[in-house]
Amino acid sequence: MTEYLSCDRDELHTLFLFEKLSDEQLDWLCREGRVVVVEPGVVFREGDPATCFYVMIDGAIVLSQRVGADDVEVNRSDQPGVYAGAWMAYMGERAPKTYNASLRATVPSRFLELDADVFGQMMREWFPMAIHMLDGMFFGIRDSQAAIGQRERLLALGSLSAGLTHELNNPAAAAVRATASLRERVAGMRHKLALIAKGPYDRATLETLIRLQEDAVERAAKAPTLAPMEASDREDGLADWFDRHNIAGGWDIAPTFVQAGLDVDWLDQVAGTVDTATLEGAVRWLNYSVETELLMSEIEDATARISTLVGAAKQYSQIDRAPYQVIDVHELIDSTLLMLSRKIGDRITVVKDYDRSLPSIPAYAAELNQVWTNLIDNAVAAMDGHGTLTIRTALDNDFLLVEIGDTGTGVPADIRERIFEPFFTTKPVGEGTGLGLDISWRIVVNKHHGDLRVDSVPGDTRFQVRLPLVAPPED
């Protein structure tokens, strides 16, 4: 049961918050407020309706905020005059109507307690100029954070778009080149087919050639990729075979047969099937068949690469998907790595240490992709374009752990506590906004009730993201 005591204006006047007030204002506080005695325990909880403003007259308190499933202490004080509670009530409907932290008394304590509406009225009537300045500062900072955060996202999107365009251009150009070559080869095959139809091939010979053609195509589909030296040696052997059999331009067609996995023994089968007069025509017919198959495989590979890139872009942006869904975190990370592949470059080794047995978790997928983007981008910048980027996933009690490590210069100890502050950056002016880690913190901690921390020494920096395996009850 709450105990109420009489209010002493002289005592209130000793508190730093009220030391400049007049006797009339102090009398008003005693009349509209109440002095309460609180036993050790919770005074109010984060997220509850913000009904009162508290000023401690004497005692000791702890202020804490929720991070994931834990309450993290943010302030501890026994100084008379410290305050907490509905201090934003002066903003009316523009302010959140819930407590943004939890307050606990650690010893029996006395508070001046004001109803939120009364406190708001007092602030607006007694300090109108201060209210306007606070409003301007509060909304100015909020709008600045929103604007710069939007710019940060647009810059990231521009960088990702440039990288994606570059990645798409290579397979698209390859497909265009292969298609043009394929058209030429098909035209050549039609011409050779007309010659074969007019040529001195009997039915048995034609059937054998068709079987050889099918065998060549099948071999081409399964042919391994050879080392340059081995491929060169085989091309020399085939070119010599073509010279011995009086087939002109053997050096031009030898690479095609080698790429298709066709060797001298296989060509001997062809030579044993047709006579010398028709051998060259048969070889060139088979060459067109093999080239056509290889070109179709090239087009298939290029279009599959394009499809993979488009799929990664859709996975990254979460187009046509619900904002909050059950996701496989590895799919999100892989899509982000693919989108950032150009920025990562060839001199950074990417190591994936995934625990594939981890369950899917409920999350805001597109926003987590923004977290991975920010952390990977910072890691690449810290390594100055060369080093090892390690991404590890594991189970950590009731959380899924994603650890992004780099071999860069590390985060100095004297700024480690500040890196998650908004607008704090170590990058040169114009290269960083200082909001990447702040945005990541708010996405992981505030939105997902998870945890984001850093462990760093020179050559080994690890950002650890912990996400709950199940959605909190309020979600």
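This is a predicted model: local features need pLDDT of at least 70, side-chain atom pairs count only at pLDDT 80 or more; totals for chains, interfaces and linings use all residues.
Arg110 belongs to strand β9 (residues 109–115). Its relative accessible area is 17%, so Arg110 is buried, the cut-off being under 20%. Arg110 and Glu39 are 71 residues apart along the chain, with 8.9 Å between their C-alpha atoms.

## Salt bridges

The structure holds 19 salt bridges. One of them pairs the side chains of Arg9 and Asp27, at 3.0 Å from N to O. Because Arg9 lies in helix α1 (residues 9–13) and Asp27 in helix α2 (residues 23–32), this pair ties together parts 18 residues apart in sequence. Arg9 is partly exposed at 30% relative accessibility, and Asp27 is partly exposed at 32%.

Asp115 and Arg34 form a salt bridge at 2.6 Å, N to O. This pair links strand β9, which holds Asp115, to strand β2 (residues 34–38), which holds Arg34, across 81 residues. Arg356 and Asp334 also form a salt bridge, with their closest N and O atoms 3.9 Å apart. Here Arg356 sits in the loop between β11 (348–353) and β12 (361–364), and Asp334 in helix α10 (residues 329–339). Arg356 is exposed at 56% relative accessibility, whereas Asp334 is partly exposed at 24%.

Asp233, Asp236, Asp240 and Asp243 gather in a surface patch of negative charge. Asp233 lies in helix α6 (residues 228–244).

Asn287 is placed in helix α9 (residues 276–317) and is buried at 7% relative accessibility. Apart from neighbours within four places in sequence, Asn287 is in contact with Ile253, Thr256 and Phe257.

Definitions and conventions: Residues are numbered from 1 along each chain as its sequence is written. Side-chain values use heavy atoms; hydrogens and water are left out. Patches are made of residues with over 30% relative accessible area and no salt bridge: like charges are joined within 9 Å, nonpolar side chains (Val, Leu, Ile, Met, Phe, Trp, Tyr) within 5 Å. Accessible areas come from the Shrake-Rupley method with a 1.4 Å probe; for residues, only the protein chains shown count as cover. A salt bridge is a side-chain nitrogen of Lys or Arg within 4 Å of a carboxyl oxygen of Asp or Glu. Lys and Arg count as positive and Asp and Glu as negative; His and the chain ends are not counted. The place of a charge is taken as NZ of Lys, CZ of Arg, CG of Asp or CD of Glu. Helices (H or I, at least four residues) and strands (E, at least two) are DSSP runs, numbered from the N terminus. Buried means under 20% relative accessible area, exposed over 50%, partly exposed in between (1.4 Å probe, protein chains only). Contact means heavy atoms within 4.5 Å.
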